[in-house]
Amino acid sequence: MLPSIPPEVSEALSQLLSGLSSANNSIRSAAEESLNKEWCKKDRIDVLLMFLALSAAQGSPDTVRQFAAVLFRRLAIKSPNEQGYSVTARQIDHVSHSAKIEIRNTLLQGFMSQQSNNVRHKIADAIAEISKNTSTEWPELLPTIFSSSTNSDPSFRESAFRIITTSPEIISSHHLEDSLKMFHSGFEDQNDDSSFTKLIKFITKIIRKR
């Protein structure tokens with residue numbers, strides 16, 4: 001549990017997460033209503049996203065981690081419920097600075113921890129989305145991506161390219177040398193999951209943004 005989440009709140013959110021993943025339609029519907037009406041509010045979205053990030057990184061079993069990561073991403077990019085925001089606003093862009101730092105650190109730690117392929121991929125997808133917010137620097141992100149792209153574990157390499165293909169804007173001319181090394185290792189990768197097609201997708205996105 002994150003220090004900033006009181007035990008009773010963590011317990012309530014654990015029950016909510018369980019309800020949202022329930023096979024029982026009534027239980028799931030009640031949980032979805034609670035999520036939208038009680039937790040996706042300006043004064044609660046911080047703790048909700050922090051909890052989901054932690055569950056994605058450390059939850060048990062793997063199905064909980066995967067579900068939490070997917071739900072985190074969905075809610076992070078969702079427009080705030082309150083009025084006064086632009087149509088392109090995302091909830092993750094309006095959490096407090098301290099919550100944003102905790103979320104980033106938690107997801108990166110989860111990304112680098114021992115995970116199944118599916119969980120690491122889902123965490124990578126979440127990281128890719130929150131990296132699109134450039135209002136707060138994230139100096140740890142690119143070194144993590146570059147080191148992961150040459151990791152002996154294929155899931156790290158594949159996940160690194162998932163982040164880059166989703167958010168190519170995080171790489172600038174200042175990172176050209178490291179980027180070229182990353183591309184070179186990707187082209188030579190013999191693992192099907194870290195394939196040539198992933199690099200082609202990345203290069204295509206870069207060209208379109210120029």
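R44 lies over the face of W39, at 4.0 Å from the ring centre, where a charge is taken to sit over a ring if NZ of Lys or CZ of Arg is within 6 Å of the ring centre and within 35 degrees of the ring normal. The charged end of R120 likewise sits over a ring, that of F156, 3.7 Å from its centre.

This is a predicted model, in which local features need pLDDT of at least 70 and side-chain atom pairs count only at pLDDT 80 or more, while totals for chains, interfaces and linings use all residues. Residues are numbered from 1 along each chain as its sequence is written, and side-chain values use heavy atoms, with hydrogens and water left out.

## The chain as a whole

The protein chain holds 10 helices and zero strands, with helices (H or I, at least four residues) and strands (E, at least two) taken as DSSP runs and numbered from the N terminus. Of its 210 residues, 47% count as buried; buried means under 20% relative accessible area, exposed over 50%, and partly exposed in between, with a 1.4 Å probe and protein chains only. Among the contacts in the protein chain with a separation of 6 or more, 64% come from residues 24 or more positions apart, a contact being heavy atoms within 4.5 Å.

| Helix | Number of residues | First to last C-alpha | Expected span |
|---|---|---|---|
| α1 | 14 residues | 20 Å | 20 Å |
| α2 | 15 residues | 20 Å | 21 Å |
| α4 | 15 residues | 21 Å | 21 Å |

In α2, which runs over residues 25-39, the buried residues are A31, S34, L35 and W39. They cover an arc of only 105° around the axis, which puts them on the same side of α2; the arc is that of the directions from the helix axis to the C-beta atoms. On the other side of α2, the residues N25, S26 and K37 are exposed. The buried residues of α2 pack against α1 (7-20), α3 (45-58) and α4 (62-76), and W39, one of these buried residues, is also the residue whose ring face lies under R44.

Leaving aside its neighbours within four places in sequence, I27 is in contact with G19 and S22, while the C-alpha atoms of I27 and L16, 11 residues apart along the chain, are separated by 9.7 Å.

In α1 the buried residues are S10, L13, L16, L17, G19 and L20, and the buried residues of this helix pack against α2, α3 and α4. Helix α4 has R65, A68, A69, L71, F72, L75 and A76 as its buried residues, and what covers them includes α1, α2, α3, α5 and α6 (117-130).

In the loop between α3 and α4 lies P61, and the peptide bond that leads from S60 to P61 is cis, with omega near 0°. Most peptide bonds are trans.

The structure holds one aromatic pair, where rings of Phe, Tyr and Trp (its six-membered ring) pair if their centres lie within 6.5 Å, and planes under 30 degrees apart count as stacked, over 60 as edge-to-face and the rest as tilted. The rings of F111 and F156 have their centres 5.9 Å apart and their planes at 90°, so the pair is edge-to-face. The pair links distant parts of the chain, since F111 belongs to helix α5 (residues 97-112) and F156 to helix α8 (residues 154-166), 45 residues apart. F111 is buried, with a relative accessible area of 1%, and F156 counts as buried at 8% relative accessibility.

Helix α5 also holds I101, which at 28% relative accessibility counts as partly exposed. I101 and T136 are 35 residues apart in sequence and 8.8 Å apart in space, C-alpha to C-alpha.

Key
Expected span 1.5 Å × (residues − 1).
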